[in-house]
Amino acid sequence: MTRLLSFFIPDPDKYSFDIYIKSKTLIVFSSIIILVVPILWILLITVLKIPLFSILSIFLIIVIAANIVSLFIMKRGHYNAAANIFVLTSLCGFSFYLLFGSFKFHEGAIVSGYHLFIFIIFSTLFCTRLINLIVSFCVLAVQSTSLITSTGLSSGMKTMALINFSFELLIVSSICYLIISITETTLHRLKEEAENKETLERTKKLLSSISEISKRLADSSSVMSNTTDTFSFNAQSQAA
């Protein structure tokens, strides 16, 4: 694991503490996805007999590719770009599956839509508030389109499902947005306090140096005064 982290984060000193922790988490998470999703894909093909290039297969391929690309973008030192690609590309892949895939039962469009909340959580962990808002609006747009275009649901069921989904989306998005805001505000305050503490330490060292220099100057002045007195006394003695 240490070698994996050092490979994708060759120069950790360039990162702030929060970005470094997020980078490590994203690397571990992406690595797990890259290992697990191909196995899931093989099982779906061999056990459930889904076509090799079905809508679901395309979604899984997009997820794998997005994780690989984001890792190598992160290796170049662009964490935010890597996190955004990971979240937004995976969201696009699942949206493609949700809008154009087929379900074994009509309510599948309703149930599968709630899986979109996963990407809001991802954006909360790895992205900024702006990306979190964009993901939330995309989730609402995708699920609304999926429900409206669904042919197996009655008009009343579509309306009720859309209302319930919108209400729960509002709650989840608000909580996630507040979490990001609180975290960013706290980190900003901690950075300010750390900078103030560092400035205070530098000021103390500077004052200590000034005090020491002043003491040395005072000692030198005393020595010079004594020397002057001695010289004056000797001069007076020779004159007498």
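Helices are DSSP runs (H or I, at least four residues), strands are runs of E with at least two, and the numbering starts from the N terminus.

I also noted that this is a predicted model, in which local features need pLDDT of at least 70 and side-chain atom pairs count only at pLDDT 80 or more, while totals for chains, interfaces and linings use all residues. Residues are numbered from 1 along each chain as its sequence is written, and side-chain values use heavy atoms, with hydrogens and water left out.

Entry 1, overview. I counted 8 helices and 0 strands in the chain. Of its 240 residues, 31% are buried, where buried means under 20% relative accessible area, exposed over 50%, and partly exposed in between (1.4 Å probe, protein chains only). Taking contact as heavy atoms within 4.5 Å, I found that 68% of the contacts with a separation of 6 or more join residues 24 or more positions apart.

How do helix H2 (residues 17-46) and helix H3 (residues 55-75) cross? Their axes come within 9 Å and cross at roughly 155 degrees, and the two helices are therefore roughly antiparallel. For this label I used the following classes: under 35 degrees is roughly parallel, over 145 roughly antiparallel, 65 to 115 roughly perpendicular, and the rest oblique. The crossing is left-handed, that is, the near helix is turned anticlockwise from the far one by less than a right angle. Among the residues making the contact are Leu 26, Ile 33 and Trp 41 of H2 and Leu 60, Ile 64 and Met 74 of H3. The contact residues divide into 16 nonpolar, 5 polar and no charged, with Ala, Val, Leu, Ile, Met, Phe, Trp, Tyr, Cys and Pro counted as nonpolar, Asp, Glu, Lys and Arg as charged, and the others, Gly among them, as polar.

The axes of H4 and H7 come within 10 Å and cross at roughly 5 degrees, which makes H4 roughly parallel to H7. Residues of H4 including Val 87, Leu 91 and Leu 98 meet residues of H7 including Val 135, Val 139 and Gln 143.

A nonpolar core is a set of buried Ala, Val, Leu, Ile, Met, Phe, Trp, Tyr and Cys residues joined through side-chain atoms within 4.5 Å. In the largest one, of 42 residues, Tyr 79, Leu 116, Val 135 and Val 139 touch the most other members. Helix H4 (79-100) and helix H8 (155-239) are among the elements that give two or more residues to this core, and the largest share, 9 residues, comes from H4. Beyond its neighbours within four places in sequence, Tyr 79 is in contact with Tyr 15, Ile 19, Lys 22, Ser 23, Leu 26, Met 74 and Phe 126.

Phe 117, placed in helix H6, counts as buried at 12% relative accessibility. With sequence neighbours within four places left aside, Phe 117 is in contact with Phe 165, Glu 168, Leu 169 and Val 172.

How values were computed: Axes are lines fitted to C-alpha atoms, for helices over the stretch in contact, and angles run from 0 to 180 degrees between N-to-C directions.
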